[in-house]
Amino acid sequence: MKKLFFSGILATVAFGTQAQKKIDYVEYDLPNGIHVILHEEHATPIVAVSILYHVGSKNEKTDKTGFAHFFEHLLFEGSKNIERGKYSEMVEKNGGALNANTSQDRTYYFEILPSNQLELGLWLESERLLHAKVENTGIETQRSVVKEEKRQRVDNQPYASFITEMFKRMFTVHPYNWVPIGSMEHLNAAQEEDYVNFYKTFYVPSNATLSIAGDLNIEETKKWIQKYFASVPKGQAINLMRDFENNTDADFEKKYGIAKSKFNAKDFMASTSPEAKKIIAQYAAKAIDIPRPKKDTEKLTGVVKDIVYDNIQLPAIFVGYKFPEQTHPDIYALDMLNEVLSGGSSSRMNKTIVEKKEMAVQAFSFNYGLEDAGVGIIAAIAANGVNLDSIQKEFDAQIDLMKTTLISQEEFEKVRNSFENNLVSSNASVAGIAENLADNHVYYGSASRVNTQLAGYLKVTREDIQRVAQKYFTQDARVILHYLPKEK
Amino acid sequence: MKKIFLVFGLIAPAVLFGQLDRSIKPTPAKAPTINIKDSEVFTTENGITVILSENHKLPKVAFNLVMGNNPIPEGNKAGLSDLTGSLIMSGTTSRTKDVLDNEIDYIGATLNASKNNLFLSCLTKHMDKGLNIMSDVLMNANFPQTEFDRVKKQTESSLMTAKSDPGTMADNAERVVNFPNHPYGENMTEATLGNITLEDVNAYYRAIFTPQGSYLVVVGDITKEQVTKMVAQYFGAWKGNPAIMLPMGKGQFNQGNRVIFVKKPGAVQSVIQVSFPMDIVTGDKNQLPLNVLNGIFGGGGFGTRLMQNLREDKAYTYGCYSSLNVTENGSWLSIGGNFRNAVTDSAITQILFELDNITKGTVKDEELNLTKSSMAGGFARSLERPQTIAQFALNIIKNKLSKDYYQTYLQRLDAITKEDVLAMAKQYFTAQNCNIVVVGNEEVLERLKQFDADGRIELLDAFGQEVKDVKKADISKEKLIENYLLSVSNSTSMKEFGKKMKKVKAYEEKFELTMAQIPFPLTATKIWMTPNMEGQKIEGQGMVLQKTYFDGKAGASSSMQTGKVEMTAEELTAKTKSFGLFPEMNFATSGITYEIVGIENVKGVDAYVLKSNDGTAETFDYFDAKTFLKMKSLTIRKEGDQTSESGVNYSDYKAVEGFMFPHAMEMNMGGAVFSGKATTITLNGKVDLNSFK
């Protein structure tokens, strides 16, 4: 019996970080702009190596959606020094595991390795950053794989399109309008050159955070990082190097006015000819402009109500509200508000809508928090034969109650305890720690938030919770989606 | 000059990005040692085996109380155990559900229950409160009627969602086809859920939740001293019967590939699951090499044969994996993934190719090394979770493994050779006897026939039950019976049939019956004599277990339990309505009510269904629409509010003196399944009704 239809989704938006256990770490920037974070702990002889690239679907052009996620696939295809198909194999062969994921805001790659293979992980990630294979063979294969992924995860899964449908209506200006899986037509239409340009724009050292946690020695790790990452060219010099490696002699000389023979083919940055050094320095000084959209400022002006027909048996309702960006101070109170509404069996929505009134088989609320904006979603899968409008009324009654009446002291204590428990449980694995450190650095401007997040929640008062309910649950400006079974 | 060179030589290695040759893969440092701490194990007086894995990294502790029983068959109440599991948290004699939920959430704890366990996780500082609630639930769960009704209704709704989840549908079908007449093959349906009563739930809970044979796995920030005290305080008073341990079969091994199709209208992908049962149990010495084989084949990662072929090479799918399920009570391999409609058949071809191919020769060294390293790495990574250590201890006890099983795991893994892997493939893998389950759009159906050994695709529903897709019959009931009679008598006209029947005075058949739960064979004998006398008996180990006779006027049945019971007036009347070697020949005149229901698909074959009622029971007979031979018979008898069902499948028709009789059958009597093979079938021999009286 699968009860939690949405456990996966909830897990991904659950609180990224924090623990009572203090996480010690060191961090620094390499001259080329890579931010490095290291956490040392020896409980298990494993180490997690990760790079977060600050590029997600929101950095895509409107006619090239799906690129960020597509790269997540493409960058397993190999590099100049790693044969096609060998990237994963090398990790697995050495007792490691690897994967990657893409959101609207970032693309995240990681390996979990036996600790004696840390250097291997660094080499692999530096290869991915420097000169991954961005070429037609890999592009063709991964295009088909991504299409299958979309069919499997979105098209063929009941209700799975609700994020797409919600965001499409919630954001008409901001690129949150589309979701990371993007458009298959765009991927089909794109040429090799489009992919190469994307790589040259976003896969550059100044856009990368290297976060490593586990059974490591900080000094030794720094040396290896120096070896594999300090040599990554700065600024536009990385693209000069990529062109050097990929272009023909004639094309390169035409573009840069210098022959390829002037450079050190084995170690580009160690080129010794004065002309080569000059042009490298010149390009290193050119910063790469990474396109980032403006923060979302669009206000919903009314109620958008739509029906989506899906291959489902039980109808469902999804109500979306505009929430602020994830770094906004109100997020702590909003998370706690969601916990009051749907955290645990004793939560308000579970007690009334699921248990007492038996209107839904499952009811939940969560904040889909992102860098530029958030979406508060309240949803339920209707019990057999229950009308969605009646569930909507019940949602509204619950929201009204949050707005008009302070939550009880006991309920407040309960929610605080639950956050304490959740935050202690996070940071149980080195992979989780590496990711939390990187996320906090990139989104909140400081990795130290891994140690202060609980304090953020404990500062919230009952009045704060009431206030954010009043502020963000705008009944006259929201998106309401009804999911109904397709006619057979 | 020389000096300068020397200086360069000294400086060069120190230059930060000097001459790094990126084409050289770094060499690993010395391999770290892996230490597996021993868990503490002790047994309580009331029979709980306590396993403790201390880990003080986080201020948390978890208690997992697992019952020691085997799965038990649930028959027409399939889902009883799951439903009970979802009701355990419904309240206790002193706490209503609302109070219970609130108290647990208040300490930020997790307390949940399933059909055979209770699990608590909380901050160590809240341990006392958590255990207090947990032991209250364990000993005083009171299953209120209102919650029973509510959860049952909710479960009904949830069952509907299974119909839209292709993965669940495929799993349901896979279990049914691999494990018929086995608890693994039982799926909850709307009908079986409807049969479950609150009394059933209470009885199940009392039988299963018992300290005897149970395991309490404690993990986290707690000492042995604390555990000993807590266990005595909170579980010391818990009492119960011995754990239920029923023997069960190993699954159904096919002869030839079967294709099983589950319709999912609107699907853009097909879920394909190719599976077969395997004769192995947990702890078997072959388990580890079999794991290596599965790892190479498709068990995980991108480098497996399935992934390389179906994803990386052909791009048919986002992922294709094989999963090896080895349990104490039945084991199977399942291979599958999601494939777009257009490549459904090509994907099956490739999966079967890979299955076959891996039995043909030794794997490459690189493949073996890759999988062994990846398993060794997985083993090391798993040690990060304190639960793993406790699970190891539990496995050692449950599966009677040697004490150092996990300490020596890496050495044993390392010793596995290519030849060992090939031997596993030859012993356990098959590309010829698979169950190929496809959940998808009907448009792919036609292209699947090629994979089925007899070209007949079986249709199952979302819960793995046969699809009753009834079409209108294209012939009358009289014509159906006529065709049947011509067919069984190899006649071309009813006149010829009548002539042949006139010569038949007596009939006797002996079948040998076997049943998984009965260690010795049974003999079933059936006789018939003109005009309307018959007898049936079942014998085993020299004793008559059950017999029935009817001499044309009176009859009785006897068994060791009930003694002799005379037939009732209704039963005697029924005997006058349905009689004869082929009772259908007399339907037109005997006064029985009968009608043709339509055409149904039975195991891939179209069959005419004839419904008849003799006043005591309703019978559905299924006739193959091509051969008109009888394929199966289903009888539903009402006794008060209860109905009992019995069914017989007939096959292996052979001629006996010009008549076609089935020489194999499978009988299902209220959940007990017998397989029968004919030893003798005789026409006009000497028969004696007396031995049936």
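Domain bounds in this account come from an automatic or database domain assignment. The structure is a predicted model, and under this assignment chain B is divided into domain 1 (40-235), domain 2 (258-460) and domain 3 (477-692). The centres of domain 2 of chain B and domain 3 of chain B, taken over C-alpha atoms, are separated by 44 Å. Contact between these two domains involves four residues of domain 2 of chain B and four residues of domain 3 of chain B. On the side of domain 2 of chain B that touches domain 3 of chain B, two residues are nonpolar and two are charged, with no polar residue present.

Chain B as a whole contains 20 helices and 25 strands. Along the principal axes, its C-alpha atoms fill a box of roughly 120 × 70 × 50 Å. Of the 693 residues in chain B, 39% are buried. When contacts in chain B between residues at least 6 apart in sequence are considered, 68% of them join residues at least 24 apart.

The buried residues in α12(B) are B:Thr344, B:Asp345, B:Ala347, B:Ile348, B:Gln350, B:Ile351, B:Glu354 and B:Leu355.

Strand β6 of chain B, comprising residues 215-220, contains B:Leu216. This residue counts as buried because B:Leu216 has 21 C-beta neighbours inside 10 Å, against a threshold of 20 or more. Apart from neighbours within four places in sequence, the contacts of B:Leu216 are B:Ile48, B:Val50, B:Phe63, B:Leu65, B:Val231 and B:Phe235. By contrast, B:Tyr316 is 100 residues from B:Leu216 in sequence and 45 Å from B:Leu216 in space, C-alpha to C-alpha.

Strand β4 of chain B (residues 110-114) presents two faces, a covered one formed by B:Leu111 and B:Ala113 and an uncovered one formed by B:Thr110, B:Asn112 and B:Ser114. In a regular strand, side chains alternate between the two faces of the sheet. Strand β4(B) pairs with strand β5 of chain B (residues 117-123) in the antiparallel sense, over five bridges. B:Asn112 has B:Phe119 in β5(B) as its bridge partner. Together, β4(B) and β5(B) form a hairpin with two residues between the strands.

Chain A contains 19 helices and eleven strands. Its radius of gyration is 24 Å, close to the 23 Å that the globule rule gives for 488 residues, so chain A is as compact as a globular protein of that length. The C-alpha trace of chain A spans about 80 × 50 × 40 Å along its principal axes. Buried residues account for 53% of the 488 residues in chain A. Of the contacts in chain A between residues at least 6 apart in sequence, 78% join residues at least 24 apart.

The domain assignment of chain A gives domain 1 (21-235) and domain 2 (303-485), with 29 Å between the two domain centres, taken over C-alpha atoms. The contact between them takes 38 residues of domain 1 of chain A and 32 residues of domain 2 of chain A. On the side of domain 1 of chain A that touches domain 2 of chain A, two or more residues each come from β2 (35-40), β3 (46-53), β5 (107-114), α6 (162-170) and β6 (208-214) of chain A. The largest share, six residues, is given by α6(A). By class, this side of domain 1 of chain A has 19 nonpolar, ten polar and nine charged residues.

The contact between the two chains takes 73 residues from chain A and 68 residues from chain B. Elements of chain B that each supply at least two residues to the side touching chain A include α2 (80-87), α3 (97-106), α5 (145-162), α6 (166-178) and α13 (365-382). The side of chain B that touches chain A divides into 26 nonpolar, 22 polar and 20 charged residues.

Notes. Residues numbered from 1 in each chain as written. Chains lettered and ligands numbered in written order. Buried ≥ 20, exposed ≤ 12 C-beta atoms within 10 Å, placed from the backbone. Helix = DSSP H or I, 4+ residues; strand = E, 2+ residues; numbered from the N terminus. Contact = placed C-beta atoms within 7 Å. Nonpolar A, V, L, I, M, F, W, Y, C, P; charged D, E, K, R; others polar. Rg over C-alpha atoms; globule rule 2.2 N^0.38 Å. Pairing = 2+ DSSP bridges.
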